[in-house]
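Subject: Structure handover

Hello,

Here is the structure for you to take over. My notes on what was found in it follow below.

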2 protein chains.
Amino acid sequence: MGLDAYLPIWKQLTKEDQQALEEAAVFRSVPKGTIIHNGSADCIGVLVIKSGQLRSYIVSDEGKEVTLYRLLERDICLFSAACMMSSIRFEVTIETEKDSDVWLIQTEAYHAVMERSAPLANYTCQVLASRFSEVMWLMDQLLFKRFDARLATFLLEESTIEDCDTLEITHEKIANHMGTAREVVTRMLKYFQEEGMVSLTRGGVTIVNRAKLDAKAG
Amino acid sequence: MGLDAYLPIWKQLTKEDQQALEEAAVFRSVPKGTIIHNGSADCIGVLVIKSGQLRSYIVSDEGKEVTLYRLLERDICLFSAACMMSSIRFEVTIETEKDSDVWLIQTEAYHAVMERSAPLANYTCQVLASRFSEVMWLMDQLLFKRFDARLATFLLEESTIEDCDTLEITHEKIANHMGTAREVVTRMLKYFQEEGMVSLTRGGVTIVNRAKLDAKAG
């Protein structure tokens, strides 16, 4: 499968625009642990992830890292082409967390098509809004964090009750327990999983790092 | 002056699209202290600010508020029409901090034009990227805050040195003092001003709330 299968608005593009994107795209296999993009130092192009896992994070002057979000199969990374949007005035670092296969679409070409193509511009807006939403979620956690602490506490308590690290419980059920929506629970559990505290299976949650979960519970 | 003077890409729109936006726009004078938009409860439309000042903030379940950014003359507010972009999955509150004159462009009409118009879609992307940048700046402050503390300390020390609340010092000079760029200083001083800690004048900075600046200095 080519690039066309990974850009959902492909069929809305003109033949000319499809060709321009295809000609500007190179396929790359990037080994785990590679820093693909580093702040404003480069502007390599838009990444379309075919497989693998990328992490986007910010770094303080003192080297403290904070993960903003992860990019998985079919995600698009715009910030590696941040120079094409003058309004992007912040810097993120992007690295591969797993061996990854990506298409790299050269910045100028992507930008040229976006300027003239309403479908690509609208799609890019949606991608940007998605990332923005992820960062806002994180911001909310950082500012008001309470639900994560509550969920961590809940998991630890259930584990004590069952005397087992693996809880056979659905997200729906946890949501009911905690008086919140299922999707809120799912999102937080995925975050816990990414942070290595739990492992999610069909219909279950396993605590894999009790100390970290304890710390989260406060 | 009409809406055309406040949307920089107006001339790039087709006559049809211009007409569609104009017909969907109503002019409103909104008194200070009005909550224009409140989370996902409404989706009134895109706001184009003619004059005044709006504040966008998030609120915790416990009622704690955190200001994300401010909107001034010629700014565009997209989040009051967040429902038009399914990827926006967060909620902000927007209120007028001063009496404000705005155009309100009905959500469906704006969205319809954006879907077919590359110039409006690209412009909307830039607006979104601007807000994203402001939030990332705030995030950086929240996570790694040190420069603000350093700047607050610097201003208090200078004030002690001069034995005066008003410092006659340029942003350039402060930047040199602190080993950073002038624009970094300007941005932070504006933030301090918005927070009511200092007041900025041509070539000077006046401390107006010493207690708050002290707290910032840590």
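A helix axis here is a line fitted to the C-alpha atoms over the stretch in contact, and an angle between two axes runs from 0 to 180 degrees between N-to-C directions. Please keep in mind that this is a predicted model.

Two packed helices are described by the angle between their axes and the distance between the axes. For helix 3 (residues 118-144) of chain A and helix 3 (residues 118-144) of chain B, the axes come within 9 Å and cross at roughly 20 degrees. Angles under 35 degrees count as roughly parallel, and helix 3 of chain A and helix 3 of chain B are therefore roughly parallel to each other. Their crossing is left-handed.

On the chain A side, the residues of helix 3 that take part include A:Ala118, A:Ala121, A:Cys125, A:Leu128, A:Phe132 and A:Leu142. Among those they meet in helix 3 of chain B are B:Ala118, B:Asn122, B:Thr124, B:Val135, B:Met136 and B:Met139. Sorted by class, the residues of this helix contact are 20 nonpolar and 4 polar, with no charged ones.

**How the two chains are related**

Two copies of a chain are related by a rotation about an axis and a shift along it. Chain B is superposed on chain A by a rotation of 180 degrees with 0.0 Å of shift along the axis, at an RMSD of 0.2 Å. That is the relation of a two-fold axis. Within chain B, B:Ala118 has the C-alpha nearest the axis, 1.9 Å from it. Both copies use the same surface, since 100% of the contact residues of chain B recur in chain A.

**The interface as a whole**

How many residues does the contact take from each chain? Chain B gives 32 residues and chain A gives 32 residues. On the side of chain B that touches chain A, helix 2 (107-116) and helix 3 each supply at least two residues. Helix 3 of chain B provides the largest share of that side, 19 residues. By class, the side of chain B that touches chain A comprises 19 nonpolar, 8 polar and 5 charged residues.

**Chain A overall**

Chain A contains 7 helices and 11 strands. Its C-alpha trace spans about 60 × 40 × 30 Å along the principal axes. Of the 218 residues in chain A, 30% are buried. Among contacts in chain A with a separation of 6 or more, 68% are between residues 24 or more positions apart.

**Helix 1 against helix 2 in chain A**

The axes of helix 1 (residues 15-24) and helix 2 (residues 107-116) of chain A come within 9 Å and cross at roughly 165 degrees. Angles over 145 degrees count as roughly antiparallel, so helix 1 of chain A and helix 2 of chain A are roughly antiparallel to each other. Helix 1 of chain A passes helix 2 of chain A in a left-handed crossing. From helix 1 of chain A, A:Asp17, A:Ala20, A:Leu21 and A:Ala24 meet A:Ala109, A:Tyr110, A:Ala112 and A:Val113 of helix 2. The residues in this contact are 7 nonpolar and 1 charged, with no polar ones.

**Single residues**

Is A:Ala82 buried or exposed? A residue is buried if 20 or more other C-beta atoms lie within 10 Å of its own; A:Ala82 has 23 C-beta neighbours inside 10 Å and so counts as buried. A:Ala82 sits in the loop between strand 6 (76-77) and strand 7 (93-96) of chain A. Apart from neighbours within four places in sequence, A:Ala82 is in contact with A:Cys43 and A:Ile88. The C-alpha atoms of A:Ala82 and A:Leu213, which are 131 residues apart along the chain, are separated by 36 Å.

A:Arg74 has a positive phi, near 80 degrees, in a residue other than glycine. A:Arg74 lies in the loop between strand 5 (65-71) and strand 6 of chain A, and with 13 C-beta neighbours inside 10 Å it counts as partly exposed.

In chain B, B:Arg74 likewise has a positive phi of about 80 degrees although it is not a glycine. B:Arg74 is located in the loop between strand 4 (65-71) and strand 5 (76-77) of chain B. With 13 other C-beta atoms within 10 Å, B:Arg74 is partly exposed.

Regards

Conventions:
Residues numbered from 1 in each chain as written. Chains lettered and ligands numbered in written order. Predicted model: local features only at pLDDT ≥ 70, side-chain atom pairs only at ≥ 80, totals over all residues. Helix = DSSP H or I, 4+ residues; strand = E, 2+ residues; numbered from the N terminus. Parallel < 35°, antiparallel > 145°, perpendicular 65-115°, else oblique. Left-handed = near helix turned anticlockwise from the far one by under 90°. Contact = placed C-beta atoms within 7 Å. Nonpolar A, V, L, I, M, F, W, Y, C, P; charged D, E, K, R; others polar. Buried ≥ 20, exposed ≤ 12 C-beta atoms within 10 Å, placed from the backbone. Least-squares fit on C-alpha atoms with pLDDT ≥ 70 in both.
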